[in-house]
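Thanks for making the time this morning.

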Amino acid sequence: RDRLALLGWLADTIDVPIPRYAWGALEAPSFPYAFSGYPKLEGVQAASLDPGNVDLERLGRQVGAQMRDLHAVAVPEAMRPVLENAGHRVSPREARDGKLRYIRDFCRDVPPLRARARRFLTDDDLLVPDDRDGPVLIHDDLLVEHLLLAPDDRARGVGWLDWGDACLGDPAHDFAPLVSWGGDTILDAMLAGYGRDDAAFRARARFFGICLAFVDWHHWRRTRNGVAQVRTERLLDALLPA
């Protein structure tokens with residue numbers, strides 16, 4: 001119920017189409033769980049598209065501007081407990097160390113990137129500094145499957161789904177999923193739309209993006225999507241430190 005209230009408030013606060021729950025916390029004798037629903041948001045999941053076929057610069061500028069507005073929202077005191085209890089602030093070290101479980105498979109299957117991947121996931125000299133600006137309202141799960149694009153214009157976002165992880169945290173986390181999909185091209189565009197491009201912020205967004213790319217690679221390997229797996233390997237080749 002707290003999440004439904006949060007989404008209702010957000011839908012009236014930010015200029016991004018998000019789920020507006022018209023039916024909340026419903027119960028039925030024939031179904032043992034509470035459920036809810038909202039009118040369908042039309043669009044195509046960005047995850048279904050090859051980023052090479054998308055105008056990443058135009059899309060990135062739009063999403064970056066929307067993130068800027070989201071992160072600037074003043075959170076009412078009544079909403080803060082919901083957001084503060086949603087999760088914890090994940091540091092660069094925690095984000096990186098959580099991906100160590102993929103290192104054996106990756107190093108075995110992708111020999112050309114073995115040394116660079118192992119170094120990124122184990123060398124503390126490559127860690128970036130933690131956020132020192134204080135937490136802001138973030139989506140915290142803006143994966144490409146949660147970003148809807150217009151069916152007739154694959155470079156125009158028309159909706160953000162799955163706000164279950166929204167919390168107060170490091171704004172760089174919201175950039176990471178799109179970096180793990182579109183690399184530096186979309187990162188540059190998002191930062192331009194966001195209106196911020198200091199070295200520390202860019203480094204964190206890029207770092208978290210690389211971490212997520214290892215998760216993507218594991219997912220594509222497990223689901224035997226060879227095309228997406230190779231695409232992620234090429235992206236990691238471009239993003240991993242030399």
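This is a predicted model: local features need pLDDT of at least 70, side-chain atom pairs count only at pLDDT 80 or more; totals for chains, interfaces and linings use all residues.

Let me begin with a question: which side chain meets that of Arg58 in a salt bridge? It is the side chain of Asp55, at 3.7 Å from N to O, where a salt bridge is taken as a side-chain nitrogen of Lys or Arg within 4 Å of a carboxyl oxygen of Asp or Glu.

Residues are numbered from 1 along each chain as its sequence is written, and side-chain values use heavy atoms, with hydrogens and water left out.

Back to that pair: Arg58 counts as partly exposed because its relative accessibility is 41%, and Asp55 counts as partly exposed at 39%, given that buried means under 20% relative accessible area, exposed over 50% and partly exposed in between, with a 1.4 Å probe and protein chains only. The structure holds 22 salt bridges. Another of them joins Arg196 to Asp198, with the closest N and O atoms 2.6 Å apart; Arg196 is partly exposed at 24%, and Asp198 is likewise partly exposed at 31%. Salt bridges that share partners also join Asp55, Arg58, Asp152, Asp153 and Arg156 into one network.

A further salt bridge, between Asp105 and Arg221, has its closest N and O atoms 3.5 Å apart. This pair links distant parts of the chain, since Asp105 sits in helix H5 (residues 103-109) and Arg221 in helix H8, 116 residues apart; helices here are DSSP runs of H or I with at least four residues, strands are runs of E with at least two, and both are numbered from the N terminus. Asp105 is buried, with a relative accessible area of 16%, whereas Arg221 is partly exposed at 27%.

That brings us to H8 itself, which has 24 residues and reaches 35 Å from its first C-alpha to its last, close to the 34 Å expected at 1.5 Å a residue, the expected span being 1.5 Å times one less than the number of residues. Its buried residues include Phe201, Phe208, Phe214 and Trp217, and the buried residues of H8 pack against helix H4 (92-97), H5, helix H6 (114-122), H7 and helix H9 (226-239).

How do H7 and H8 pack? Helix H7 (residues 172-194) and helix H8 (residues 199-222) pack at an angle of about 150°, with their axes 9 Å apart; the axes are lines fitted to C-alpha atoms over the stretch in contact, and angles run from 0 to 180 degrees between N-to-C directions. The two helices are therefore roughly antiparallel to each other, a label used for angles over 145 degrees, with under 35 counting as roughly parallel, 65 to 115 as roughly perpendicular and the rest as oblique. Among the residues that meet, H7 contributes Phe175, Leu187 and Tyr194, and H8 contributes Phe201, Phe208 and Leu212, contact meaning heavy atoms within 4.5 Å.

Arg224 is exposed, with a relative accessible area of 76%. Asp140, in the loop between E4 and E5, also has a positive phi, of about 70°, and Asp140 counts as partly exposed at 29%. Most residues other than glycine have a negative phi.

In that loop, between strand E4 (136-138) and strand E5 (147-150), we also find Asp141, which counts as buried at 14% relative accessibility. Leaving aside neighbours within four places in sequence, Asp141 is in contact with His146, Asp162, Asp165 and Asp174.

Finally, is Trp160 buried or exposed? Trp160, in strand E6 (residues 153-160), is buried, with a relative accessible area of 2%. Not counting residues up to four places away in sequence, Trp160 touches several residues, among them Ile18, Met67, His139 and His146. Ile18 lies in the loop between helix H1 (2-11) and strand E1 (23-28), is buried at 5%, and touches Leu7, Leu10, Ala11, Leu41, Trp160 and Trp163, with residues up to four places away in sequence again not counted.
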